[in-house]
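Thanks for coming. I will go through one structure this morning, taking it part by part.

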Amino acid sequence: MFSRICNPSNVRLATVGLCRNFSTTQRVDSKVAVLGASGGIGQPLSLLLKNHQPLITHLALYDIAHTPGVAKDLSHIESPGEVTGHLGPESLEECLTGCDVVVLPAGVPRKPGMSRDDLFDTNASIVRDLCDAAARYCPKALLAIIANPVNSTVPIASEVYKKHGVYDQNRIFGVTTLDIVRANRFVAEVKGLDASKVNVPVIGGHAGATIIPLLSQATPPVSFPPEEREKLIVRIQNAGTEVVEAKDGAGSATLSMAYAAARFTNSLLEALSGKSDVVECAFVRSEITEAKYFSTPLVLGRNGVEKNLGIGKILKYEVDLVDAAMPELKKSIEKGEAFAAKTL
């Protein structure tokens, strides 16, 4: 059960649109690195950031293959901002030095029949090594981790930063925005609403039963018969598998994940530029529940997490979902910490 509950009354999650009005923010030039920029998520993510984010003055793209070409391609787009491509581990210092935000989509995708945990051994090593470089070359940058399984890779990143003596729990995020995007879309479909005007907080983690949509806190308010509500929750929790199966071995959710990652990155940049009331859900170090890490709505600021808004008032069936998620969530967190303890 919950050790602390905060009610985020009258708080609206960050809007979905990627093109925002920045007139109320103080202009701050920003360098953003995308680590894994040549992959299925990295390329469309980099395109969205180059095309829609005026706060980025330098987009630094890193991968172990093809990044010079990806960077050259994006550099031809008629939007502001420099694009550089960085190839191989020896280029990480140049890529990361001076970064304000680091986004980490690097890793292998899921295939049919695979769970996010099946990716663990490969992606855990990738995250460890890239976070080691980030901790060395831009320890104050806000770090947004996409590489799955997020429930384990975020704890790995934290342990890496602790090893270097630069750990700040307010600067490390597991990106769960795709769960919110999906929940918004699926609720809108069922209710005949405009998805861009729907906001459904999604708390917990970023895998299966740890994904907990708070339908009772949706705006505009919605309600469902119990059977329909259960079906909707299960669809939100298993939406990633829906995409993996539809692609029939050709990959996982890359385009929707790129969109969600761009939305989250934009929110970080807005917060860094001084915009107030920027709120996103993300998987962070937390004392909200008995799990060491937990996703809840967060107020973002220049130093990362400005305030954790907690879970708020929820219904009995949502309490049950949180309780049911705890064993799997804690096990995944412990798995990441154990990997770090063994390999660092």
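Let me start with the aromatic pairs; this is a predicted model, and the count of such pairs in it comes to three. Take the one between Phe120 and Phe339. Their ring centres are 5.6 Å apart and the planes meet at 85°, and since over 60 degrees counts as edge-to-face, that is what this pair is. Where do the two residues of the pair lie? Phe120 belongs to helix H4, residues 120-137, and Phe339 to helix H10, residues 316-343, so the pair ties together parts that are 219 residues apart in sequence. Both Phe120 and Phe339 are buried.

Rings also turn up with charges over them. The charged end of Lys162 sits over the ring of Tyr167, 5.2 Å from the ring centre. Arg229 does likewise with Tyr317: its charged end is over that ring, at 3.7 Å from the centre.

Is Glu337 buried or exposed? Its relative accessible area is 17%, and the cut-off for buried is under 20%, so Glu337 counts as buried. Setting aside neighbours within four places in sequence, Glu337 is in contact with Pro155, Glu159, Lys292 and Tyr293.

Next, the cysteines. How many disulfides does the structure hold? The number is zero. As for burial, Cys99 has a relative accessible area of 7% and is buried. Cys131 is buried as well, at 1% relative accessibility.

Cys131 comes back when we look at the nonpolar cores. The largest of them has 69 residues, and those with the most contacts inside it are Leu35, Leu96, Val102 and Cys131. Helix H10 gives the most to this core, with nine residues. To see what the contacts look like, take Leu35. Not counting residues up to four places away in sequence, Leu35 touches a list that includes Tyr62, Leu92, Cys95, Leu96, Val102 and Leu130. Apart from this core lies another, of 40 residues, with Val34, Ala71, Val83 and Val175 among them.

Last, the strands. Strand E10 covers residues 293-301, and nine of its nine residues are buried, so the strand is largely enclosed by the rest of the structure. A general point for those new to strands: in a regular strand, side chains alternate between the two faces of the sheet.

Which strands pair with E10? One is strand E9, residues 278-285, which runs antiparallel to E10 over eight bridges. In that pairing, the bridge partner of Val284 is Phe294 in E10. Another is strand E11, residues 304-308, paired with E10 in the antiparallel sense over four bridges. Here Gly301 has Gly304 in E11 as its bridge partner. E10 and E11 form a hairpin, with two residues between them.

That is the end of my part.

How values were computed:
Residues are numbered from 1 along each chain as its sequence is written. This is a predicted model: local features need pLDDT of at least 70, side-chain atom pairs count only at pLDDT 80 or more; totals for chains, interfaces and linings use all residues. Side-chain values use heavy atoms; hydrogens and water are left out. Rings of Phe, Tyr and Trp (its six-membered ring) pair if their centres lie within 6.5 Å; planes under 30 degrees apart count as stacked, over 60 as edge-to-face and the rest as tilted. Buried means under 20% relative accessible area, exposed over 50%, partly exposed in between (1.4 Å probe, protein chains only). A charge sits over a ring if NZ of Lys or CZ of Arg is within 6 Å of the ring centre and within 35 degrees of the ring normal. A disulfide is a pair of cysteine sulfur atoms within 2.5 Å. Two strands pair if DSSP finds at least two bridges between them. A nonpolar core is a set of buried Ala, Val, Leu, Ile, Met, Phe, Trp, Tyr and Cys residues joined through side-chain atoms within 4.5 Å. Contact means heavy atoms within 4.5 Å.
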